Amino acid sequence: MHVKGNLKLMKELNTATILNLLHREGRMSRAELKRATKLSPATVSALVEELIGQGLVEEIGAKPSAGAGRKAISLQISKDGGYVIGISIGNRDLICAVLNLHGECIAEFKSEIAIGNDSLAEQIHTALNECVNRADALKTGLIKGIGIAAPGIIDENAGSVLYSSTLKLNDFKLKKQVSAFFPDVPIKIVNDSNAAAFAEHYSGAGKGRGNLVYVTMNEGIGAGIVIDSRIHSGFGGAAGEIGHISIDPNGEVCNCGQRGCVETLLASSFLLNRCRSYAEKLGQKPPHDFDEMLARYESGEAWLEPVFEQVAEAARLTLASIVQFISPEVIVIEGWTNRSPKLSLKLRSELERLRFPLKFTPDRLLPSAFGEKGPLLGSATLMLEQIFHSTLLNNSGGGS
């Protein structure tokens, strides 16, 4: 029995390795799988044939070849062999989507975010209903997993949002809310910045970079950290909460109750209010919204320069601290700063001038590839990786 158990485990591990390679690389031949896994040709062929029989892998034709010999057949994950649900709980919106095994979206529902435990729970149930109903011919038994990205401090083991100042969440039992809808489906919950960081590492701006920090600057400020190609959540899941580092003891009161947090200097809502107050003080026309304020700064209105000098200084100190402390290969930025070429150029040039132990080059500061969809794609990708590392796909049932 012990030998049989070891053989079964080895087979599962080898199968998971093949599925993960196909998921990450997209298309590979049997020969390429053999070289990458160092398994025997017979083992690779047997496992591939079994996966084809299960409808999880498909042949998609011959690979291009320079030679005149027999052409290798390309393999890929069968995109309709199962589905995952991704949920992104953001500071502005909630996005729920059904994705196939290629990570392609087949149905999506988006709504303005609800605030507080009870309101958000109700919104999640509505979003799941709407999204599944929009996915034509979707059998709930084919839903293999649900990945959820949420802001704040996450207890991944308990499946709870312990705290989110922006959304007014306290010990929000997120996994419990979703499992009530899909009781037999595995659920993975991850901090939204960490999910987005993984998406950028896996297939976005930082693809192939094992050490990456993702910084979001929107209504809130946060960071996701990838070290050696793995998410670093820190003790208690609290790593990356850079928005609530106080850098000005005499500054504005933050949503968290402290004064002078990074968030009070860089978050869009604080910045807009500051510009409006400054405009009234100077007798200037206050900006109607954030986009107008940014456009007026880009066009060179002189009265905005002191405000954005303060913004640039806070952003420079924040990013420089990240570089000094973690030394990532790249920092990926998502948020309103990407819509300001003037500020982005200023940040790159100032970081380049700083004296780091390892010279900082402008190509290490990159805009996000996925924008607001980063947390959604990251949570879904992490769920797919979990699925491909397990035997879940071998089960035909498992829905509600």
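Tutor: Helices here are DSSP runs of H or I with at least four residues, numbered from the N terminus. Keep in mind that this is a predicted model. Methionine 10, for instance, lies in helix 1, residues 2-25.

Student: Why is methionine 10 called partly exposed?

Tutor: Buried means under 20% relative accessible area and exposed means over 50%. Methionine 10 comes in at 47%, so it is partly exposed.

Student: And which residues form a nonpolar patch on the surface?

Tutor: Leu9, Met10 and Leu13 do, and together they have about 290 Å² of accessible area.

Student: On to the rings. How many aromatic pairs turn up in the whole structure?

Tutor: The search finds 7 of them.

Student: Is tryptophan 303 buried or exposed?

Tutor: Buried: its relative accessible area is 9%, and the cut-off is under 20%. Tyrosine 278, at 24%, counts as partly exposed.

Student: Which residues do ring pairs link into a cluster?

Tutor: Phe290, Tyr297, Phe308 and Trp336. Tyrosine 297 also has lysine 342 over its face, at 4.3 Å from the ring centre.

Student: How do you know that strand 12 is largely enclosed by the rest of the structure?

Tutor: Count the residues: in strand 12 (residues 212-217), 6 of the 6 are buried, so it is largely enclosed. Leu212, Tyr214 and Thr216 point one way, and Val213, Val215 and Met217 the other way.

Student: What makes strand 12 and strand 13 a pair?

Tutor: Pairing takes at least two bridges, and 6 join strand 12 to strand 13 (residues 221-227), so the two pair up, running antiparallel. Valine 213 has isoleucine 225 as its bridge partner in strand 13. A hairpin through 3 residues joins the two strands.

Student: How does strand 15 run relative to strand 12?

Tutor: Parallel, with 6 bridges joining strand 12 to strand 15 (residues 330-335). There, methionine 217 stands opposite glycine 335.

Technical notes
Residues are numbered from 1 along each chain as its sequence is written. This is a predicted model: local features need pLDDT of at least 70, side-chain atom pairs count only at pLDDT 80 or more; totals for chains, interfaces and linings use all residues. Side-chain values use heavy atoms; hydrogens and water are left out. Patches are made of residues with over 30% relative accessible area and no salt bridge: like charges are joined within 9 Å, nonpolar side chains (Val, Leu, Ile, Met, Phe, Trp, Tyr) within 5 Å. Accessible areas come from the Shrake-Rupley method with a 1.4 Å probe; for residues, only the protein chains shown count as cover. A salt bridge is a side-chain nitrogen of Lys or Arg within 4 Å of a carboxyl oxygen of Asp or Glu. Buried means under 20% relative accessible area, exposed over 50%, partly exposed in between (1.4 Å probe, protein chains only). Rings of Phe, Tyr and Trp (its six-membered ring) pair if their centres lie within 6.5 Å; planes under 30 degrees apart count as stacked, over 60 as edge-to-face and the rest as tilted. A charge sits over a ring if NZ of Lys or CZ of Arg is within 6 Å of the ring centre and within 35 degrees of the ring normal.
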